[in-house]
Amino acid sequence: MHHLKVTRGALAVYTALFILFLYGPFVVMGILSFQKGPEGGPQFPILEWSTFWYSHIFGFAPPSRIAPLPIGQALTRSLTLAFATMVVSTILGTLTAQAFRTKFRGSGVVFYLVVLGMMVPGVLLGLGMALVADQLGVARNWWSTAFVLHVVYTFPFAFLVMLAIFNRFDQSVEEAAWALGVPPGRTFRKVTFPMIFPGVLSAMLFAFTLSYDEFPRTLFTGGPNVTMPLAIYGTFAVEIHPNLFAFGVLTTLFSFALLTVYGVLMGASVRRARLRAQGVQEDIA
Amino acid sequence: MMELTGLTRRFDGVPAVSDVTLTVRDDEYLTLLGPSGAGKSTLLRLIAGLERPDSGSIRLNGEDITHRPTHTRGLGFVQQSYALFPHISVFDNVAFGLRNRLVDPVTDETGVKRRVDAMLELVGLSDLGQRMPGQLSGGQKQRVSLARTLVTEPKICLLDEPLGALDANLRERMTVELRRIREALGVTFMHVTGNEAEALAMGDRMIVLDRGRAVMIDAPDTVYARPATVAVAKFLNAYNVLDGKAEIGGFRHGDVLLPLPEGAARAAHYAVRYDLASIEPAGGAPAPGRAAMPAAFIAREFLGSRVVYFLHRPDGGVFEVERHLSRSDPVDHPKDAALTVTWAVDDVLAFDASGRLIETRRLKGAA
Amino acid sequence: MDATAAASPSAYAAPAPRESFWRRNRHYLLLAPGVIWMTLFLIAPLAMMVYVSFWTQTTFAISPTLTTRSWEMFLSSQTYLDALLRTLRLWLTVLALTFVIGYPTALFIGQFVRNKTTQTVLLVACVIPFWTSFLIRVIAWRPMLGREGAINIVLMRLGLIDEPIAVLLFTELSVIIGMVQIYVVFMVGPVAFMLSRIDESLIEASRDLGASAWTIFRRVIFPLSLPGVVVGAIFVSVMVLGEFATASALSGRQVNLLGNIIVTQVGSLRWALAAVVGVVLTGVMVVVIAALLSLVNLRREL
């Protein structure tokens with residue numbers, strides 16, 4: 001027993017160090033984002049504390065030799081792309097998982113065909129798609145060639161999440177609704193969907209995040225108008241400035257905001273059931 | 001009225017329901033008895049449209065509904081697991097079918113409320129309408145599930161082991177309740193159960209299923225007194241079934257030769273009801289018209305108003321004798337005591353080699 | 001009364017009328033959109049890549065005259081074969097390190113933390129870095145590892161070293177460090193999930209039988225967590241094998257992986273050669289994934 005306590009303590013310390021390892025670069029990045037500008041470089045020591053690089057991102061800093069990050073439009077594109085990808089891959093994932101609820105011939109082939117989408121390295125798929133587009137004479141664009149590849153990547157995740165949800169879903173509830181004379185379509189809307197909604201939300205969150213940050217697939221297929229990750233990658237080639245760090249801090253904060261929205265939505269979907277029950281109470285009163 | 005004709009369903013080539021033909025009448029309580037794996041639930045699911053038959057047809061009031069989807073059949077289906085909608089209240093659960101069904105939905109909310117309230121009243125849940133399903137006990141869930149189905153006024157209500165998940169006490173109360181509710185509404189119930197006492201007590205008629213086949217369809221008292229096959233006699237859990245062979249002078253069961261009733265010369269199985277046998281001291285010759293067999297005492301079980309005695313047959317099997325306490329006091333025997341079990345030859349049921357009941361003269365007279 | 005039901009085959013056993021088209025083909029209608037999408041946008045591009053790898057490459061264009069020139073070029077070039085070996089070496093190193101570094105953390109979260117909330121908080125803490133752009137996470141290592149980076153500063157202040165360590169940045173080591181930090185979470189997640197699913201009573205039972213902590217780990221806990229390790233290994237392998245950004249950002253273009261070669265060749269419009277490298281990479285992936293999948297049934301673990 002004593003032995004276990006020692007192990008437990010050691011592992012706890014280890015886990016703390018592990019988390020430090022995960023967050024270390026972020027801390028350094030956070031510190032360096034307050035580097036003096038525009039002279040200060042992306043390294044220590046800090047010449048002087050300033051918020052220069054933050055105002056530089058929003059274009060408020062006085063003009064200097066350092067070009068502002070091409071965010072604006074790139075961010076809009078990335079968010080639009082992520083949203084569209086999220087919607088399409090969640091629908092595809094739900095449809096396919098729905099089909100997998102009953103046995104059918106060839107299910108193994110279809111399963112691996114879908115899962116292949118998340119297993120093929122992005123750079124390969126990007127290359128293949130660029131070759132196809134080239135041969136067909138189709139122009140490469142973030143909203144066409146890149147979009148379909150984003151869905152190829154996120155659809156498997158949505159599918160697996162929905163499959164796990166349906167595996168734990170009690171089919172007899174749907175059968176009960178049909179037996180009450182409710183057609184399958186309405187049963188799905190009124191019974192199945194509300195019950196699997198938390199799962200759908202996770203699938204959507206997965207798809208959105210993956211697409212928003214997706215980069216190797218977009219690299220060859222995104223066309224002339226860059227998305228956010230491509231804009232960042234573009235700055236790699238030249239010189240790195242602390243404005244990238246300031247941007248990193250801001251996106252992290254933005255991500256936290258998104259995570260909070262997700263948490264609130266999850267909480268709301270749980271609470272709604274209770275609210276509805278109270279609504280009936282008021283009807284009766 | 002619903003007619004099933006030659007209904008068959010196989011899973012991977014193995015028949016779960018095979019060639020079932022029967023008629024369900026209006027306003028009756030029909031119970032469907034069979035051991036687990038006999039195809040009871042599959043039959044119910046075929047009728048509900050949740051499984052598709054490989055062959056055969058289902059006609060409801062003269063109309064072929066064999067390939068109609070579930071939601072257009074107008075049948076009610078109460079599952080063993082209750083399958084309540086967990087995300088909406090009890091009231092909304094009961095109102096769900098009325099509001100959302102394809103055929104004839106009730107759009108007027110006061111109408112919904114009137115009918116749901118009346119139904120909740122009927123099942124005794126008037127004050128629980130605003131609860132969520134998660135807040136209910138097993139018996140309450142069972143009633144909600146029933147109310148949810150009955151409020152839609154189905155032509156026939158299918159119940160899949162509706163009492164299976166309840167404890168013994170509650171099950172007995174619900175047995176009475178189910179009959180009362182059915183009679184109040186005049187709807188036909190088709191009730192699947194694996195419990196022979198439940199099937200005998202509740203049904204106006206009962207169907208006994210064995211390996212996918214309907215081996216007997218009759219009134220419970222007839223099923224109990226004259227099981228059509230040896231399998232039925234075994235499910236009823238009321239018969240000592242002895243295997244053997246008829247020969248000149250009687251029925252050969254191991255070392256014992258037992259007298260056979262007249263006309264049972266083809267007997268291959270010999271059945272004696274628990275409550276028609278009695279225990280006597282060893283050695284004595286049987287009275288005229290009675291059969292006797294040596295047996296060794298194992299134990300007795302006290303069941304309230306009845307006592308069941310367990311004895312070893314000469315071939316090692318168990319022989320049961322049941323005595324109602326209003327007739328006699330319980331008797332104690334030392335373990336392994338040598339005794340004799342006896343019964344009237346006229347009470348014996350004989351079955352032929354294919355398992356069918358042999359119509360002996362006494363049975364013909366009784367029928 | 002019908003004392004026995006018809007036991008003979010019924011005359012009504014004829015095949016019933018067909019059901020509606022929708023009911024019969026429900027599956028295929030549900031599957032069609034996903035399958036069509038994957039065929040057009042996943043299978044077709046990969047097939048195209050294989051096809052183009054046999055095309056003829058001229059200076060700035062490719063033409064569909066079949067040839068094995070690009071393949072010969074790949075197989076006879078020391079640079080490309082070195083890149084292949086480097087990719088394999090880096091992949092194995094990163095895979096081993098993510099397992100060694102990630103497993104104890106997963107063990108702590110999945111086995112030693114029995115409180116669900118704490119478990120969730122710890123897992124979320126591991127996942128949060130993912131909410132920052134992958135590329136920014138890579139770049140964040142530069143001020144950590146450089147000669148005047150945070151690690152050297154801290155080590156010098158502590159008096160552990162006198163001279164800054166130079167090999168930390170723009171070497172293969174920096175690429176490995178960066179990749180391990182970025183991908184280790186993909187190992188921790190699945191393993192912690194499998195560990196947290198282990199029935200407590202199983203471990204208690206083994207303890208009652210007198211098994212030592214080490215034996216319990218070796219015989220019970222580790223085997224049960226193996227599917228998680230395999231799933232984690234698949235994730236890490238897929239990502240590391242297709243990598244190029246970390247290598248180019250943290251090695252100062254010193255370390256060229258197969259992925260980097262593809263990017264470079266595409267940049268100079270040498271599609272056929274890029275396709276050859278792509279096919280080689282795909283071959284490596286298929287072998288690795290097939291080997292890992294033979295260890296665990298992915299469908300059953302859901």
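Two strands pair if DSSP finds at least two bridges between them. The model is predicted.

**Exercise 1.** In what order do the five strands of the open sheet in chain B lie, and which stand at the edges?

Solution. 
- Step 1: The order is 16-20-17-18-19, with antiparallel pairing.
- Step 2: Strand 16 (277–281) and strand 19 (318–324) of chain B each have a single partner strand, so they stand at the edges, and one side of each lacks a neighbour in the sheet.
- Step 3: From one strand to the next, the twist averages 45°.
- Step 4: Check one pair. Strand 16 of chain B is joined to strand 20 (residues 338–344) of chain B by five bridges. Pro281(B) has Leu339(B) of strand 20 as its bridge partner.

**Exercise 2.** Describe how helix 11 (residues 213–241) and helix 14 (residues 271–293) of chain C pack.

Solution. 
- Step 1: Their axes lie 10 Å apart, at an angle of about 175°.
- Step 2: Angles over 145 degrees count as roughly antiparallel. Therefore helix 11 of chain C is roughly antiparallel to helix 14 of chain C.
- Step 3: Helix 11 of chain C contributes residues including Val230(C) and Leu241(C), and helix 14 of chain C residues including Leu281(C) and Leu292(C).
- Step 4: Sort the contact residues of the two helices: ten nonpolar, one polar and no charged.

**Exercise 3.** Characterise the side of chain A that touches chain C.

Solution. 
- Step 1: Here 71 residues of chain A contact 64 residues of chain C.
- Step 2: Helix 1 of chain A gives the largest share of this side, 19 residues.
- Step 3: The side of chain A holds 54 nonpolar, 15 polar and two charged residues.

Conventions:
Residues numbered from 1 in each chain as written. Chains lettered and ligands numbered in written order. Predicted model: local features only at pLDDT ≥ 70, side-chain atom pairs only at ≥ 80, totals over all residues. Axes fitted to C-alpha atoms, helices over the stretch in contact; angles between N-to-C directions. Helix = DSSP H or I, 4+ residues; strand = E, 2+ residues; numbered from the N terminus. Parallel < 35°, antiparallel > 145°, perpendicular 65-115°, else oblique. Contact = placed C-beta atoms within 7 Å. Nonpolar A, V, L, I, M, F, W, Y, C, P; charged D, E, K, R; others polar.
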